[in-house]
Amino acid sequence: MARYVALRIGQSLLALLGVSIIVFALMHLVPGDPVRSALGTRFTPELYAALVERAGLDRPILVQYFDWLGRAVTGDLGVSFRTGQPVALALGQRVGPTALLAFGALIVGLLIALPAGIVSAVKQGKAPDYAANTFSQIGVSLPDFWFGILLILVFARMLGWLPPGGYASFADDPAAALRYLLLPAVTAGVVTGAILTRFVRSSMLEALNAEHVRLARAKGLPWRYVLRHHVLRNAWIPIITVTGLQLGTLLGGIIVVEIVFSWPGIGRLALDAVQTRDYPVLQGAVLLVAAVFLLLNLLVDLVYARLDPRIRVGAST
Amino acid sequence: MSDPRVHQADAELEAPSTRHQSQWRATVSALLANRLAVFGLVMLTALVLTALFADLLIRQPINAQNLADRFAPPSSQYWFGTDDLGRDVFSRVVVGARVSLQVGVVSVGISLVAGTLIGLWAGYRGGWIDTVWMRAMDVLFAFPVILLAIALVAVLGPSLRNTMIAVGIVFTPIFARVVRGSVLSVREELHVRAVRSLGASDRRIILRHVLPNVAAPIIVQASLSLAFAILTEAALSYIGVGVQPPDPAWGYMLSDAQRFQRQGWWLSVFPGAAIFLSVMAFNLLGDGLRDALDPKQRSVIESRGVE
């Protein structure tokens, strides 16, 4: 186990290093002078010189990379070309809303996937199974941003029940925060739920067909008892794993959903940075999301290996 | 290479290849027996025909403005209504099919070729070449697809061509992994080892023995990737970093629609439905192909879950 843990951590760090190279290269692959184009009409020789020096763009590229990496490791991601605000601070302000939305979407996804997947497996081949399969087939093809736009159309524009976008902090006004959260969370959650339903169903089916379950039923134990104590207990391990992996995918989907609902998260920040050519902010946002993504995958693998010893035996790739 | 024994052995070992033909026939009939896959195929045919004959189908030039008829609801004259400039939404959706398919086909073409070459090279050579390539693919996997695409477009600049390049790069690692995995198992199969021991060149082994055996997973992956590529392009165009006006892309039609939701619901409905149906067509076909060709592979939903 220790060997496997070390191997996986090493791989993740290596991937993170690769990510940092790509993120660093981003700014240097931009055609033209990124500082100049970011400044646009605000250009003055003094401001330009200050930003170039602050970003270290006047030194050899390898020196710049290691310098940048060294500072990034300590949390210094440079300053925004546009606002002069430290990038780490700007990211810090956006992490909360993104995490809240991810959490909300995951809850919605599980609220859909657990009942749908379990019922679909138990009633395999019958109407509920058919309905759940149709739902997951539709959900996986559904463009999340379109679904969000339709929800806004119906619940904000036509019915006027919920705001069409925006954000309120839970600390300030929990009721308003919930109203703002509901539509974006449902938008991102339905697609997640559709994907998870399929997984819940297949791990339930596997658990249902296990020998000990047939034995338990043959002994005449009540079906509900068998379901709770013999089936669900085995089915939850893969479900948790996939849910963890799903968090990473969810993060990607949330970037777009944030833009649909003007949600002040990392995705919105990254897009604003693209549009205003604020490369340090874009670098910071991409680096942060990729790091979280890698960390989630690592944690899921480790949890899975801990729960299922077969994984770590044949895990050399 | 000119050793006749190699050719003879090749011919004898070609048994798998004649087996292939009946296998393909079996695949087609398995696919046609799958109702969902046929449904996908029918939708897909409709999509391709729409894209090919868009010029005949449109009812108005797509950028023709008719300010007197702004925000006209769907009617016999304007099937899908008109937008803020009085342009016919139906015609724009029809031509949008062409943009979507073009981005899908070209970008998946890029990732298929690049990913297959990388996967073949890494899987066949093994050793450090394999390690380096696969770690590089891991790095690309470390980004959520949409974020990597956004970052690439930020560097390249938003345009139709750059959207195709960005989406192509983003989906390359999936093909590389799928192909490498298949190559690793095919490489050790008896007929491949036999041909190698007879002195066949790497090129010959790869082209005649490895590639035909990894074709099935590549085809399945291509169909599923087309779905994701269309979805990704639409999302990029929606957030404004993908296809740019005046090319009518479904994604940015939706972003306009969102600004004018009070004026017309139809603007939000039809372009999105077009994306949804196209994506579903490729997904259903991909799932059907997988069941028919390669039951061990994961379904679209599962592969999206760990994407």
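A salt bridge is a pairing in which a side-chain nitrogen of Lys or Arg lies within 4 Å of a carboxyl oxygen of Asp or Glu. By this rule, the structure, which is a predicted model, holds twelve salt bridges over all chains.

**Figure 1. A salt bridge between A:Glu211 and A:Arg214 in helix H9 of chain A**. The side chains of these two residues meet with a distance of 3.1 Å from N to O. A:Glu211 and A:Arg214 are separated by about one helical turn, because they stand three residues apart in helix H9, which covers residues 211-218 of chain A. In general, side chains of opposite charge can pair when their charged atoms come close.

**Figure 2. The helices of chain A**. The secondary structure of chain A consists of 13 helices and zero strands. Read from the N terminus, the order of elements is therefore written as α-α-α-α-α-α-α-α-α-α-α-α-α. The C-alpha trace of chain A spans about 85 × 60 × 35 Å along its principal axes.

**Figure 3. The interface of chain A and chain B**. Here 52 residues of chain A are in contact with 44 residues of chain B. The size of an interface is often given as the accessible area lost when the parts come together. For chain A and chain B, the buried area is about 4,400 Å², and carbon and sulfur atoms give 76% of this area. In chain A, the residues that lose the most area to chain B are A:Phe145, A:Trp146 and A:Arg157, which together account for 14% of what that side buries.

**Figure 4. Polar contacts and helices at the side of chain A that touches chain B**. Across the interface the rule finds five residue pairs in polar contact, both residues being at pLDDT 80 or more, but zero salt bridges. The elements of chain A that give two or more residues to this side include helix H1 (2-29), helix H8 (174-208) and helix H10 (223-260). H1(A) provides the largest share, nine residues. By class, this side of chain A has 39 nonpolar, eleven polar and two charged residues.

**Figure 5. The second largest pocket and its lining**. Rolling a probe the size of a water molecule over the atoms shows where empty space is left. The second largest pocket has a volume of about 570 Å³. Of the 21 residues that line this pocket, A:Asn133, A:Gln137, A:Arg198, B:Leu36 and B:Leu284 lie nearest its centre. The elements that give two or more residues to the lining are H6 and H8 of chain A, together with helix H3 (35-52) and helix H12 (266-293) of chain B. H12(B) gives the largest share of the lining, six residues. The lining residues divide into seven nonpolar, seven polar and seven charged.

Note on methods
Residues numbered from 1 in each chain as written. Chains lettered and ligands numbered in written order. Predicted model: local features only at pLDDT ≥ 70, side-chain atom pairs only at ≥ 80, totals over all residues. Heavy atoms only, no water. Contact = heavy atoms within 4.5 Å. Buried area = accessible area lost by both parts, 1.4 Å probe. Polar contact = N/O pair within 3.5 Å; in protein donor to acceptor, adjacent residues only side chain to side chain. Helix = DSSP H or I, 4+ residues; strand = E, 2+ residues; numbered from the N terminus. Nonpolar A, V, L, I, M, F, W, Y, C, P; charged D, E, K, R; others polar. 1 Å grid on protein atoms, 1.4 Å probe; cavity = no way out; pocket = protein on both sides within 12 Å on 5 of 7 lines; lining within 4 Å. Points joined across faces, edges and corners; volume = space filled by probe spheres on them.
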